[in-house]
Amino acid sequence: MTYDVLAIGAIGGLAALVGLIVLAAISLGVYAITRRAVTVHEASQERRRTLKTCQAINALGTTQPDR
């Protein structure tokens with residue numbers, strides 16, 4: 001009888017440990033995907049700012065002074 005209870009407890013403990021490992025793996029995956037999305041978004045914003053700056057510089061270079 002005692003060994004049955006210990007076996008059930010051990011199995012439950014192992015199941016809980018496996019559950020925690022799976023939860024940690026899912027959390028790390030979600031973090032990695034989110035971090036990648038943020039990095040891509042930041043790079044996109046930087047390209048947009050650079051493009052606007054270049055367009056502004058080009059606009060200044062192409063204007064003709066009044067004579």
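Colleague: What percentage of the residues in the protein chain is buried?

Modeller: Buried means under 20% relative accessible area, exposed is over 50%, and partly exposed sits in between, with a 1.4 Å probe and protein chains only. Here, buried residues make up 0% of the 67 residues. Keep in mind that this is a predicted model: local features need pLDDT of at least 70, side-chain atom pairs count only at pLDDT 80 or more, and totals for chains, interfaces and linings use all residues. Residues are numbered from 1 along each chain as its sequence is written, and side-chain values use heavy atoms, leaving out hydrogens and water.

Colleague: How many helices and strands does the protein chain have?

Modeller: Helices (H or I, at least four residues) and strands (E, at least two) are DSSP runs, numbered from the N terminus. This chain has 1 helix and 0 strands. Helix α1 covers residues 2–62, Val18 included.

Colleague: Which residues make the nonpolar surface patch?

Modeller: Patches take residues with over 30% relative accessible area and no salt bridge, joining like charges within 9 Å and nonpolar side chains (Val, Leu, Ile, Met, Phe, Trp, Tyr) within 5 Å. Areas come from Shrake-Rupley with a 1.4 Å probe; for residues, only the protein chains shown count as cover. Val18, Val22, Ile26 and Val30 make a patch of about 350 Å². Val18 counts as exposed because its relative accessibility is 51%.

Colleague: And which residue forms a salt bridge with Glu46?

Modeller: The rule wants a side-chain nitrogen of Lys or Arg within 4 Å of a carboxyl oxygen of Asp or Glu. Arg49 pairs with Glu46, their closest N and O atoms 2.7 Å apart. They're 3 residues apart in helix α1, so about one helical turn separates them.
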